[in-house]
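What follows is a walk through one protein chain, from its overall build to a few individual residues and then to the spaces between them. Please keep the sequence and the model in view while reading.

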Amino acid sequence: IVGLGRIGMQVARRARAFGMELVGHDPFVSVAIAKDQAIRLAGLEEVYAAADYITLHVGLTPQTTGMINQASIAKMKKGVRLVNCARGELVNEPDLARALQEGQVAGAALDVFTEEPLKNSPLTSLSNVILTPHVGGSTFEAQEAVGVQIARQVKEFLKHGVIQNAVNVPSV
C-alpha cells in the first residue's frame, strides 16, 4: 500500500480480512500507527520488491508524478498487480502497457487516467487491465459526506489545533 491515509487504511483493513501480509510506504505515518494496523512500514523500493499487489493512495506532487514507470516496474515482482484509484498522473501509461504485455505486471485496475476522459491510451486494448470511470465521488451522498468531513476537520483545527488528513503535512 503506497499512501496510508484514510483510504489506504481502509484498503489495509479489507486486505487483512483476506489474510494478506501488509507492507506500506507513507512518510507521514508513524511506525506506531502502522503497527497498530498490522502494516509493516518500508521504503518505496522495498514495497515495490515485496508486494504481490500494489495500491496507490497518494496525492499528485512532483515526487509522485510518474512514480509508476519503467524503472519502478522493473523493481517489482514479476506478476505484480497494480491498482490506482488516486491520480492518473501517478502512472506512466505507456510503460504500464508495455509491462502488462510482457507479463512483468500480471494485471492492473485503474479508474483514473493521465487524460480524462480516457482516449488514445495504450491500455484500452489490453485484456489484463480493468478500466473504469472515476465516479465514486460524483454522487450527491459522496459530495455531502465530503462537505461534512471538511467542516469537522476545520472545527477540530480551530478548536484544538488538530490537523487531520492533510496532503502536505503529517497529522498532528
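The protein chain exposes about 10,300 Å² of surface, and carbon and sulfur atoms supply 58% of that area. The model is a predicted one, and of its 172 residues 33% count as buried. Along the principal axes, the C-alpha trace spans about 55 × 35 × 30 Å. Because a compact globule of 172 residues would have a radius of gyration near 16 Å, the 17 Å found for the protein chain agrees with that expectation.

The secondary structure comprises 6 helices and 6 strands, which follow one another from the N terminus in the order α-β-α-β-α-β-α-β-α-β-β-α. As for how the chain folds back on itself, among contacts between residues at least 6 apart in sequence, 52% join residues at least 24 apart.

Is Ile 39 buried or exposed? Its relative accessibility is 5%, and buried means under 20%, so Ile 39 counts as buried. Leaving aside residues up to four places away in sequence, Ile 39 touches Leu 4, Met 9, Ala 12, Leu 22, Val 23, Gly 24 and Ala 34. Val 58, by contrast, is 19 residues from Ile 39 in sequence and lies 17 Å from it in space, C-alpha to C-alpha.

Ala 34, one of the residues that Ile 39 touches, is found in helix H2, which covers residues 31–36. Ala 34 counts as buried because its relative accessibility is 0%. Beyond residues up to four places away in sequence, the contacts of Ala 34 are with Val 29, Ile 39 and Leu 41. Ala 34 and Val 135 are separated by 101 residues in sequence and by 29 Å in space, taken between C-alpha atoms.

Asn 120 lies in the loop between E5 and E6, and its 75% relative accessibility is why Asn 120 counts as exposed. The loop between E5 and strand E6 (129–131) also contains Pro 117, and the peptide bond that leads from Glu 116 to Pro 117 is cis, with omega near 0°.

The remaining topic is the space between the residues. The second largest pocket holds about 420 Å³; of the 20 residues lining this pocket, those closest to its centre are Met 20, Glu 21, Ala 51, Asp 52 and Tyr 53. At least two lining residues come from each of helix H1 (6–17), strand E1 (22–24), strand E3 (53–56), strand E4 (80–84) and strand E5 (105–110). By class, the lining of the second largest pocket has 14 nonpolar, 2 polar and 4 charged residues.

How many cavities of 30 Å³ or more does a search of the whole structure find? The search finds 1, and the largest cavity has a volume of about 30 Å³. The lining of the largest cavity consists of Asn 84, Gly 88, Val 91, Glu 93, Leu 110, Val 112, Phe 113 and Leu 123, which by class gives 5 nonpolar, 2 polar and 1 charged residues.

Conventions: Residues numbered from 1 in each chain as written. Predicted model: local features only at pLDDT ≥ 70, side-chain atom pairs only at ≥ 80, totals over all residues. Heavy atoms only, no water. 1 Å grid on protein atoms, 1.4 Å probe; cavity = no way out; pocket = protein on both sides within 12 Å on 5 of 7 lines; lining within 4 Å. Points joined across faces, edges and corners; volume = space filled by probe spheres on them. Nonpolar A, V, L, I, M, F, W, Y, C, P; charged D, E, K, R; others polar. Helix = DSSP H or I, 4+ residues; strand = E, 2+ residues; numbered from the N terminus. Rg over C-alpha atoms; globule rule 2.2 N^0.38 Å. Buried < 20%, exposed > 50% of the residue type's maximum accessible area, 1.4 Å probe, protein only. Contact = heavy atoms within 4.5 Å. Areas by Shrake-Rupley, 256 points an atom, 1.4 Å probe, with all protein chains shown as cover.
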